[in-house]
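My notes follow, in the order in which I looked things up.

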Amino acid sequence: MPTEAMRALCDDYLSAMAGLATGVSVVTTDGPAGRRGLTVSAVTSVSIDDAGPILLVCVNDRSGAGRDIVANGCFGVNMLGQDQASLAERFASRTDAIDRFAGLSLVQGASGAPRLAKAFASFDCQVLAEATMGTHRVLYGRVLSVSTGADRGPLIYSGRRFCSVAPITAAA
Ligand SMILES: Cc1cc2nc3c(=O)[nH]c(=O)nc-3n(C[C@H](O)[C@H](O)[C@H](O)COP(=O)(O)O)c2cc1C
């Protein structure tokens, strides 16, 4: 049973973190465990070593997607463009009501993961390692290829709202 002080700490943490501006991605996978896709803001570039880039994504264990990504051994990270908030909502909505992939153009990467043809940028990844941290599974991916088609800005999530980037003009 959490104490009142612990509840207050977690509330403060969530309020502060809601202000963090992140990109919004759809993480996809396919293989023996089946095709899955979900909206994720927890994507971080980790490193580049001699074998190439490494990134990570954090998936809540309430979602079976983390388990299926590990079983498939592959995932795609599809950064959404500023005109794709409806896709972010679609891939975060209940799957019993809709097929999240319906009508989307997909490109299969070398890893076997499907990628969204119209993403702002996408990364084809092989699962390199995983770790469980609290309620989330952290999935590290070796990036096999990158696709960029950035003809518009990225979709941003901050203050629990979807936004686009507005550059600050430096004062003269
Ligand atoms: C903007 C946004 C960001 C999200 N970020 C994450 C995230 O980083 N990790 C995560 O596990 N779920 C995240 N979610 C929630 C999942 O997309 C949502 O719970 C989804 O339904 C999970 O897929 P499932 O229903 O197939 O398990 C996010 C949702 C939204 C709208």
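**Strand pairs.** I began with strand S6 (residues 74-79) and strand S9 (residues 121-133), which run antiparallel and are joined by six bridges. Strands here are DSSP runs (E, at least two residues) and helices are runs of H or I with at least four residues, numbered from the N terminus. I took two strands as paired if DSSP finds at least two bridges between them. Within this pair I looked up Asn 78, and its bridge partner in S9 is Ser 122.

A note on what I am reading: this is a predicted model, in which local features need pLDDT of at least 70, side-chain atom pairs count only at pLDDT 80 or more, and totals for chains, interfaces and linings use all residues. Residues are numbered from 1 along each chain as its sequence is written.

Next I went to S4 and S5, which pair in the antiparallel sense over six bridges. The two form a hairpin with two residues between them. Asp 49 stands opposite Gly 52 in S5. I then followed S5 to strand S10 (residues 136-148), and found seven bridges and an antiparallel run. Leu 55 has Gly 141 in S10 as its bridge partner.

**The whole sheet.** How many strands form the open sheet, and in what order? I found seven, in the order S3-S2-S6-S9-S10-S5-S4, with antiparallel pairing. S3 and strand S4 (43-49) stand at the edges with a single partner strand each, so one side of each has no neighbour in the sheet. On average, neighbouring strands of this sheet are turned by 30° against each other, direction ignored; the axes are lines fitted to C-alpha atoms, for helices over the stretch in contact, and angles run from 0 to 180 degrees between N-to-C directions.

**Val 146.** I picked this residue in strand S10. Is Val 146 buried or exposed? I noted it as exposed, because 12 other C-beta atoms lie within 10 Å. The cut-offs are 20 or more such atoms for buried, 12 or fewer for exposed, and partly exposed in between, with C-beta atoms placed from the backbone. Leaving aside neighbours within four places in sequence, Val 146 is in contact (C-beta atoms within 7 Å) with Ala 121 and Phe 123. Arg 161 is 15 residues from Val 146 in sequence, yet their C-alpha atoms are 27 Å apart.

**Ligand shell.** The ligand is surrounded by 15 residues, and the closest are Leu 38, Ala 42, Asn 60, Ser 63 and Ala 92. Strand S3 (36-40) and strand S5 (52-60) each supply at least two residues of this shell. By class I have 10 nonpolar, five polar and no charged residues; Ala, Val, Leu, Ile, Met, Phe, Trp, Tyr, Cys and Pro count as nonpolar, Asp, Glu, Lys and Arg as charged, and the others, Gly among them, as polar.

**Ser 93.** I found Ser 93 in the loop between helix H3 (85-90) and strand S7 (106-108). Ser 93 is partly exposed, because 13 other C-beta atoms lie within 10 Å. Its C-alpha atom is 8.7 Å from that of Leu 38, 55 residues apart along the chain.

**Whole chain.** Last, I noted three helices and 12 strands in the protein chain. Buried residues make up 28% of the 172 residues.

How values were computed. Near = placed C-beta within 6 Å. Contact = placed C-beta atoms within 7 Å.
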